[in-house]
Amino acid sequence: MKRQMVIKQKSRNSNTSSRTTTSSAISNIRYVECQKNHAANIGGYAVDGCREFMASGNEGTVEALRCAACGCHRNFHRKEVDTEVVCEYSPPNA
């Protein structure tokens with residue numbers, strides 16, 4: 001999993017207010033292979049091989065949380081989060 005960190009540093013001198021720094025983070029969330037153990041009740045381990053979550057219904061409905069391929073809840077699928085941090089800095093006017 002990729003991890004990014006944003007560090008914000010405040011100026012010690014309060015007279016440097018002409019400097020601006022803005023940052024924004026954009027996160028894309030994907031649900032990939034199913035991790036549900038279908039053999040847990042008999043003491044084994046078996047997954048169904050569903051490779052990616054596909055919603056059964058429209059966004060905002062209960063069916064949107066159910067996978068069309070394997071029928072399980074979205075929480076059983078591994079979550080991938082891609083975060084992109086955009087930072088803009090303008091130097092002080094001299």
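Which strand is His77 found in? His77 belongs to strand β2, residues 77-90, and several of the views below come back to this residue. The model is predicted, so local features need pLDDT of at least 70 and side-chain atom pairs count only at pLDDT 80 or more, while totals for chains, interfaces and linings use all residues. Residues are numbered from 1 along each chain as its sequence is written, and side-chain values use heavy atoms, with hydrogens and water left out.

**View 1. The whole chain, for orientation.** The secondary structure comes to 0 helices and 2 strands (DSSP runs numbered from the N terminus: helices are H or I with at least four residues, strands E with at least two). Of the 94 residues in the chain, 11% are buried (under 20% relative accessible area; exposed is over 50% and partly exposed lies in between, with a 1.4 Å probe and protein chains only).

View 2. With 3% relative accessibility, His77 counts as buried. The largest nonpolar core. Tyr31, Cys34, Cys50, Phe53, Cys67 and Cys72 are the 6 residues of this core (a set of buried Ala, Val, Leu, Ile, Met, Phe, Trp, Tyr and Cys residues joined through side-chain atoms within 4.5 Å). Apart from neighbours within four places in sequence, Tyr31 is in contact with Glu52, Phe53, Arg74, His77, Arg78 and Lys79.

**View 3. The Tyr31 and Phe53 rings.** The chain has 1 aromatic pair (ring centres of Phe, Tyr and Trp, the last by its six-membered ring, within 6.5 Å; planes under 30 degrees apart are stacked, over 60 edge-to-face and the rest tilted). Tyr31 and Phe53 form this edge-to-face pair, 6.1 Å centre to centre with 65° between the planes. The pair links distant parts of the chain, with Tyr31 in strand β1 (residues 20-34) and Phe53 in the loop between β1 and β2, 22 residues apart. Both Tyr31 and Phe53 are buried.

View 4. Cys50 is in no disulfide either, and the nearest cysteine sulfur, that of Cys70, is 3.9 Å away. Cys34 is buried at 4% relative accessible area, and Cys50 is buried at 10%.

**View 5. Lys36 and the Phe76 ring.** Here Lys36 lies over the face of Phe76, 5.1 Å from the ring centre (NZ of Lys or CZ of Arg within 6 Å of the ring centre and within 35 degrees of the ring normal).

Conventions:
Contact means heavy atoms within 4.5 Å. A disulfide is a pair of cysteine sulfur atoms within 2.5 Å.
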